[in-house]
Amino acid sequence: MRAMRAMGRRRSQWSSAARTSASLTTTHASRPAAPLAYDNGPVASDTGWASEARSAGGCAAVLLGLLLLIDASAGTLTVLRAALWLGLAALLLLVLWPARVSAGPGLLVSHALVRTRVVRTDRLVSVRWTDGVAQRLLLRDADGNRAEIDPQVLINNPPLWRLLDEGSRTSLARGTLCCGETALRQISARIDRETARTVFKVSGLG
């Protein structure tokens, strides 16, 4: 009888431990993921993004206003046509809306209107130019993450470029960056030219 009681007590303890473990596991799984944070160090962002976003919104609003005014003047304005013009203005806003680029130590984030892309600059695999009329710098890291950024953003924001350059140097030291030294040198040369031009203008020599 004592043996049976001991076995009963052990089963009760095991059941209690199992319930406690399951409860902890459920609580941990339901806990939301921590927000993305930069490592300790400087953080830089595109200082001209706000004005570009306002310009994009202004262009979309002007287009919508003109289309509605033309329809109203012609007496052809209906709810359906107004909805059509509103959709067209929204499409223009989507095309013109600039991605907001920010960077920290080993990390670059591009916040677009509908999607956010994160790339580890200290684990870059390739940096290359995209094809097309408007060139973009395409970054890809060892985890397969990709981000396209306008090179003018880096030219207008030297702190952003410095963080990207530091991350790319770390990638080179680690041996992960196999393709991209040429593109990075080209960006560096353009930034040096713009910096020299700005210095000449400020000093009155340009």
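A nonpolar core is a set of buried Ala, Val, Leu, Ile, Met, Phe, Trp, Tyr and Cys residues joined through side-chain atoms within 4.5 Å. In this predicted model, the largest such core has 24 residues.

**The nonpolar core**
- Five residues have the most contacts inside the largest core: Val127, Leu137, Leu139, Ile149 and Leu154.
- β2 (100-104), β5, β6 (137-141) and β7 (146-149) each supply at least two residues, and so do α4 (151-156), α5 and α6 (181-203).
- Leaving aside neighbours within four places in sequence, Ile149 is in contact with Val101, Leu108, Arg136, Leu137, Leu139, Leu154 and Leu164.

**The four-stranded sheet**
- An open sheet of 4 strands runs in the order β1-β2-β3-β4, and the pairing is antiparallel.
- Its edge strands are β1 (44-45) and β4 (116-119), each of which pairs on one side only.
- Strand β3 (residues 107-111) is joined to β2 by 5 bridges, and the two run antiparallel. Here Arg100 has His111 of β3 as its bridge partner.
- β3 is also joined to β4, by 4 bridges, again antiparallel. Val109 stands opposite Val118 in β4.

**Helix α5**
- How far apart should the ends of α5 (residues 158-174) be? At 1.5 Å a residue, its 17 residues should span 24 Å, and the end C-alpha atoms are 24 Å apart, so the two agree.
- α5 lies across β1 and β2, and runs at about 50° to β2.
- Several α5 residues are buried. Leu160, Trp161, Leu163 and Leu164 are among them. Asp165, Gly167, Ser168 and Ser171 are buried too.
- Gly175 follows α5 and has a positive phi, near 85°.

- Asn157 sits in the loop between α4 and α5. Is Asn157 buried or exposed? Its relative accessibility is 3%, so Asn157 counts as buried.
- Not counting residues up to four places away in sequence, Asn157 touches Ser45, Asp46 and Thr47.
- Val125 belongs to strand β5 (residues 124-129). Val125 and Asp141 are 16 residues apart along the chain, yet their C-alpha atoms are separated by 4.9 Å.
- With residues up to four places away set aside, Val125 touches Arg140, Asp141 and Ala142, and also Thr176, Leu177, Cys178 and Cys179.

**The cysteines**
- A disulfide is a covalent bond between the sulfur atoms of two cysteines. How many disulfides does the structure hold? The count is 0.
- A disulfide needs the two sulfur atoms within 2.5 Å.
- For Cys179, the closest cysteine sulfur is in turn the one in Cys178, at 8.3 Å.
- Cys178 has a relative accessible area of 69%, so it is exposed. Cys179 has 41%, so it is partly exposed.

Definitions and conventions: Residues are numbered from 1 along each chain as its sequence is written. This is a predicted model: local features need pLDDT of at least 70, side-chain atom pairs count only at pLDDT 80 or more; totals for chains, interfaces and linings use all residues. Side-chain values use heavy atoms; hydrogens and water are left out. The expected span of a helix is 1.5 Å times one less than its number of residues. Buried means under 20% relative accessible area, exposed over 50%, partly exposed in between (1.4 Å probe, protein chains only). Contact means heavy atoms within 4.5 Å. Two strands pair if DSSP finds at least two bridges between them. Axes are lines fitted to C-alpha atoms, for helices over the stretch in contact, and angles run from 0 to 180 degrees between N-to-C directions.
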